[in-house]
Protein chains: 2
Amino acid sequence: MSKKISIAIDAMGGDNSPDKIIEGISFFIKKNNSENDFILNIFGKENIIQEKLKKYNLNSNSINLINSNSVVSDEESPMTAVKNSKNTSMWNCIHHQLEGKSDISISAGNTGVLLVISRMILKMMNDVSKPALAGLWPNQYGVNVVLDLGANIECSEQNLVDFAELGSALFKSLFPKIKPKVSLLNVGSEEIKGTEMIKTASKKLKELSSEDNFIYNGYIEGNNIMKGDSNVIVTDGFTGNIALKTAEGTASFITKNLKKSLTESFLSKISLIFSYFSLKKFKEKLDPRKYNGAIFLGLNGPVVKSHGGIDSLGFYHSLDLCYKIVKGNLMNEIRKNLEHSKSVK
Amino acid sequence: MSKKISIAIDAMGGDNSPDKIIEGISFFIKKNNSENDFILNIFGKENIIQEKLKKYNLNSNSINLINSNSVVSDEESPMTAVKNSKNTSMWNCIHHQLEGKSDISISAGNTGVLLVISRMILKMMNDVSKPALAGLWPNQYGVNVVLDLGANIECSEQNLVDFAELGSALFKSLFPKIKPKVSLLNVGSEEIKGTEMIKTASKKLKELSSEDNFIYNGYIEGNNIMKGDSNVIVTDGFTGNIALKTAEGTASFITKNLKKSLTESFLSKISLIFSYFSLKKFKEKLDPRKYNGAIFLGLNGPVVKSHGGIDSLGFYHSLDLCYKIVKGNLMNEIRKNLEHSKSVK
């Protein structure tokens with residue numbers, strides 16, 4: 001029997017934790033219990049977590065509870081929060097992973113602190129210039145990987161090239177049957193568009209494009225991110241963060257106005273009876289909880305950040321993402337990509 | 001009687017021109033004819049335009065047709081297109097404006113060529129470091145001004161400060177009763193967020209904030225652009241272009257999926273009967289044609305770029321924008337803002 005997939009879970013981070021975390025875990029176990037190929041290492045205050053495990057009838061052999069009395073604070077400044085993070089549930093997750101007892105860590109806690117201590121403890125991989133935060137975006141045919149979403153607000157061409165390697169490895173771990181197509185986010189699709197930095201990165205990606213790691217698909221503009229022609233969209237963390245949040249803001253603006261329109265009159269309310277199932281499917285497809293979880297790539301082990309404000313179903317999706325990433329051998333895919341890059345240089 | 005508002009219109013630019021341009025003009029005249037306070041100077045091939053004027057029953061004293069035999073090509077490379085642009089309908093518009101015979105120019109033609117020749121002919125204003133392309137975005141309460149949308153892919157702090165001056169002057173010309181609140185687009189709202197360049201620009205904007213020109217409202221994140229708390233959103237042209245296009249792509253992704261959902265089953269089709277008027281209002285509020293028209297600011301006269309692919313109703317909206325901008329004394333507002341800035345320095 002092959003080694004079980006081992007996930008370190010910070011049960012104390014984010015709003016309404018550990019309740020939503022444990023409920024999310026219960027969804028995960030219900031869905032995957034027949035697999036019997038995972039161990040969930042839950043870090044947090046033992047007595048509270050025990051109580052929540054009882055609440056959600058969780059009594060699984062796949063659960064390993066590890067007491068951590070202290071918790072990373074959301075109120076402290078990032079600097080002091082990092083200083084005081086030792087032996088918190090978040091810290092203990094990453095440390096468990098460093099010791100090889102977990103393959104991946106997940107937390108819904110303070111993003112800044114998670115990025116800093118993950119990097120401090122796990123360290124950057126050789127051959128990676130900067131780690132990146134990657135996210136999943138819905139598109140016409142499924143999902144894209146987009147990175148960096150804000151770990152690095154200033155980037156060099158080499159950083160962008162590394163993000164292409166990391167992002168395409170992530171995509172391959174999630175969708176092993178698809179050869180990822182990589183694009184650089186830019187203000188136009190013609191070769192002359194963009195900064196010198198982007199043009200240089202584009203040249204390098206052209207050289208690296210191959211069946212073995214990824215197919216370079218040229219520049220992509222913001223309006224085409226969700227078209228699904230490229231699987232991995234690479235950009236610096238400043239632009240990526242603004243693109244992601246602008247998309248979120250636009251989606252929320254439109255759905256709010258739609259909801260208002262469809263409930264404003266007696267007639268439109270009646271229409272909801274007839275469109276109930278269609279609108280439900282529409283809502284499900286665009287449910288942000290399905291795309292919850294940003295993946296921190298480029299360290300000696302992956303770390304997943306769940307949205308702090310998301311509910312238990314959202315947390316379940318990011319936990320499932322952890323499971324799929326490890327099952328798809330992400331670290332191996334990254335190493336293969338980086339090896340290929342080195343052989344081209 | 002005060003001087004009439006004089007608008008130079010390139011009738012030959014964009015898809016399906018001059019037909020859509022002349023139809024757009026007919027909408028404008030129908031709406032505003034009672035005002036009798038404008039002159040529309042139409043530049044293009046006289047015989048074709050005469051024919052279209054007949055088609056749309058346009059026989060107004062407010063129309064002044066000026067023959068221009070050549071047209072800026074969309075197929076040529078931007079460099080050669082600029083070289084060959086002399087005496088085209090687009091060039092003649094801007095030149096008419098330079099001679100003081102028009103207050104503003106509008107074209108749906110090649111954007112790159114329009115920006116280059118506008119700058120070449122009209123020249124930059126003293127005290128403006130770089131001109132910017134501004135656009136209108138819908139928000140919860142009305143519209144925002146967002147700039148730069150792509151005229152300058154690399155910007156300094158002084159450029160961002162100038163964009164704040166230009167954008168708030170534009171907002172005041174459109175909404176004279178509202179004191180514009182200006183925000184800088186950033187990856188977080190805390191003071192420590194963003195690049196050094198953004199932090200320096202933020203400090204300068206704080207110093208310039210006053211009842212006389214604009215109120216500086218701090219940083220804004222992408223998800224809040226459409227909330228309507230700030231009237232003017234300032235960013236560099238790279239980020240602005242990607243934010244705008246990402247918003248467009250997200251809106252089109254959602255509406256496409258919504259349309260698909262609402263027409264996929266017999267029941268959902270029935271629902272459309274009951275929600276018809278509500279959905280129509282929803283569609284109207286978000287109709288991109290209402291926000292058509294990017295305004296080129298910072299030259300010795302404003303130039304408006306209508307989307308090349310938009311229809312006659314879209315062109316009408318950008319023509320109406322020209323009229324409002326001149327009526328609202330944009331150039332005067334810009335000069336007042338720049339004067340105020342100089343007095344603070």
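Which residues of strand β4 (residues 104-107) of chain B point one way, and which the other way? In this predicted model, Ile104(B) and Ile106(B) point one way from the strand, whereas Ser105(B) and Ser107(B) point the other way, and all are buried, a residue being counted as buried if 20 or more other C-beta atoms lie within 10 Å of its own, as exposed if 12 or fewer do, and as partly exposed in between, with C-beta atoms placed from the backbone. In a regular strand the side chains alternate between the two faces of the sheet. Residues are numbered from 1 along each chain as its sequence is written, chains are lettered from A and ligands numbered from 1 in the order in which they are written. Local features need pLDDT of at least 70 and side-chain atom pairs count only at pLDDT 80 or more, while totals for chains, interfaces and linings use all residues.

Helices (H or I, at least four residues) and strands (E, at least two) are DSSP runs numbered from the N terminus, and two strands pair if DSSP finds at least two bridges between them. On this basis β4(B) pairs in the parallel sense with β1(B) over three bridges, Ile7(B) standing opposite Ile104(B). Three bridges also join β4(B) to strand β11 (residues 303-305) of chain B, again in the parallel sense, with Ile106(B) opposite Val304(B).

β1(B) is also joined to β2(B), to which it runs parallel, by six bridges, and the bridge partner of Ile7(B) in β2(B) is Leu40(B). Six of the seven residues of β2(B) are buried, so this strand is largely enclosed by the rest of the structure. β2(B) in turn pairs in the parallel sense with strand β3 (residues 63-67) of chain B over five bridges, where Asn41(B) stands opposite Asn64(B).

Two right-handed β-α-β units are built on these strands, one from β1(B), α1(B) and β2(B) and another from β2(B), α2(B) and β3(B); a crossover is right-handed if, with the strands pointing away from the viewer, the path from the first strand over the helix to the second runs clockwise. The end C-alpha atoms of the 14-residue helix α1 (residues 19-32) of chain B are 20 Å apart, which agrees with the 20 Å that it should span at 1.5 Å a residue, the expected span being 1.5 Å times one less than the number of residues. The buried residues of α1(B), among them Ile21(B), Ile22(B), Ile25(B) and Phe28(B), pack against β1 (5-10), β2 (38-44), α2 (46-55) and α10 (312-327) of chain B, two residues being in contact if their C-beta atoms, placed from the backbone, lie within 7 Å.

In chain A, helix α5 (residues 111-122) has 12 residues and reaches 16 Å from its first C-alpha to its last, close to the 16 Å expected. Its buried residues, including Val113(A), Leu114(A) and Leu122(A), pack against α3 (78-83), α4 (89-98), β4 (104-107), β10 (294-297) and β11 (303-305) of chain A. Just after α5(A), Lys123(A) takes a positive phi of about 65°.

The contact between the chains takes 46 residues from chain A and 45 residues from chain B. On the side of chain A that touches chain B, α8(A) gives the most, with 19 residues.
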